[in-house]
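Open the model in your viewer and follow the stops below in order. Each stop says what to select and what is there.

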Amino acid sequence: MTQNSLLYEPEKGVIVEPTEVCAYEKSSQESLDDTDGSHDGFRDNYFDVDYCDSEPTNVGSSRQKLPVFRNVERTDNDNGASVTQPAEGNPVVDPLLRLTRAASDEPVNVPTTEASDSTFRDGSDLYEGKYFNTKKDLKRKLSSIAMKGNFEFRTRKSNRSLWVIECIDPNCSWRLRASKIVPESTKFVIRKYVEVHCCSLLNRNVNHRQATYVVIGEQVAPQYVGVEKGPGPKGVQTFARTKLGAQISYYKAWRGRKHAHTLIRGSPEQCFHILPSYFHMLEKLNPGTVTRIEVDGESRFKYLFLTFGVAIRGFRYMRKVVGIVGTFLKGQYRGVLLVATTQDGNGQCYPLAWGIVDSENEDAWTWFLT
């Protein structure tokens, strides 16, 4: 063993200094020459460590000597076989021996508990010069890419005409810069785009900031087109996990489902706003149809009444019995739905009129029946 060699003692987790090499060499030689077997297996607890040169850490500093671990054959006490695997009970030695290179002069990095850096592309179809109709469309696209790639980004600068984002890891090279084509336009174009990530695995997770309820709702919205109900909050959670690679809470899934309903069917405010136009078209295309909307003193919605002309004309052939009933609504603004029905010759329900009021009270029923 040379003067610039070290001995590694895994049971104590220490590296013997060069000044102690001679003492260990002597002890090692005595153990190997021992005939009574009392020191057999001395090599089980010690492994050779050589020095390698490293680059200077700063200007003016000298090269440092770094330890490089190498496989050392040890003697199995039971059968005398030579093996290079560490003995059981020495967990410190095991990762070192697995990553060393036997009979090699190349330095080997000592393993650490941190994840190593890697390089990967985000897998998108973006490129410099690509256009988007609005800044919102660009944000929606980048959020979808981030969720599928399990990485996060943060906004470095944002205003009406500029958007600059970068990976959440400050050491990562991924970044994007987009701006308006001209100040008067709403169209955005990608000016600078680096699609390669070199961030640590520890910064990639499925619970990232880009998985907002708005993005989730936009992605799941097509599943509510042409159906009566669509997936519930748990179904939205499953969709986000399997299709988008994001783990979201039940509450966020509920909000995403509500946003999807708004995109497909409109918000309650929008629906109330278009009621007059809707009733006008019903009266125009269905002769004999009667509609009415009642508002309060502040022009806010109060009552609604609707009966189709075909229902009025068909009533003469029905039994002369009318039933009325009311049921509560579950929408954002609540209310009560009133219905008037009768029976045909087969005893089946025949709807006559519908109304929406604030509650089941005398004023509401009087207005509905008159």
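Bear in mind throughout that this is a predicted model. Begin at the largest pocket: select Pro268, Lys330, Gly331, Gln332 and Tyr333, which lie nearest its centre among the 26 residues of the lining. The volume of this pocket is about 990 Å³.

Next, colour the elements around the largest pocket. Helix H6 (250-265), helix H7 (268-273), strand E15 (301-307) and strand E18 (349-357) each contribute at least two lining residues. H6 gives the most, with six residues. Coloured by residue class, the lining of the largest pocket splits into eleven nonpolar, eight charged and seven polar residues.

Now move to the largest nonpolar core, a set of 20 residues. Select Leu126, Leu142, Phe153, Ile165, Trp174 and Leu176, the residues with the most contacts inside this core. Then show helix H3 (135-149) with strands E10 (162-167), E11 (175-180) and E12 (188-194), the elements that give two or more residues to the core. H3 gives the most to this core, four residues.

Finish with the cysteines. How many disulfides does the structure hold? The structure holds zero. Select Cys271, which is partly exposed at a relative accessible area of 34%. Then select Cys349, which is exposed, with a relative accessible area of 64%.

Definitions and conventions
Residues numbered from 1 in each chain as written. Predicted model: local features only at pLDDT ≥ 70, side-chain atom pairs only at ≥ 80, totals over all residues. Heavy atoms only, no water. Core = buried A, V, L, I, M, F, W, Y, C linked by side-chain atoms within 4.5 Å. Buried < 20%, exposed > 50% of the residue type's maximum accessible area, 1.4 Å probe, protein only. 1 Å grid on protein atoms, 1.4 Å probe; cavity = no way out; pocket = protein on both sides within 12 Å on 5 of 7 lines; lining within 4 Å. Points joined across faces, edges and corners; volume = space filled by probe spheres on them. Nonpolar A, V, L, I, M, F, W, Y, C, P; charged D, E, K, R; others polar. Disulfide = S-S within 2.5 Å.
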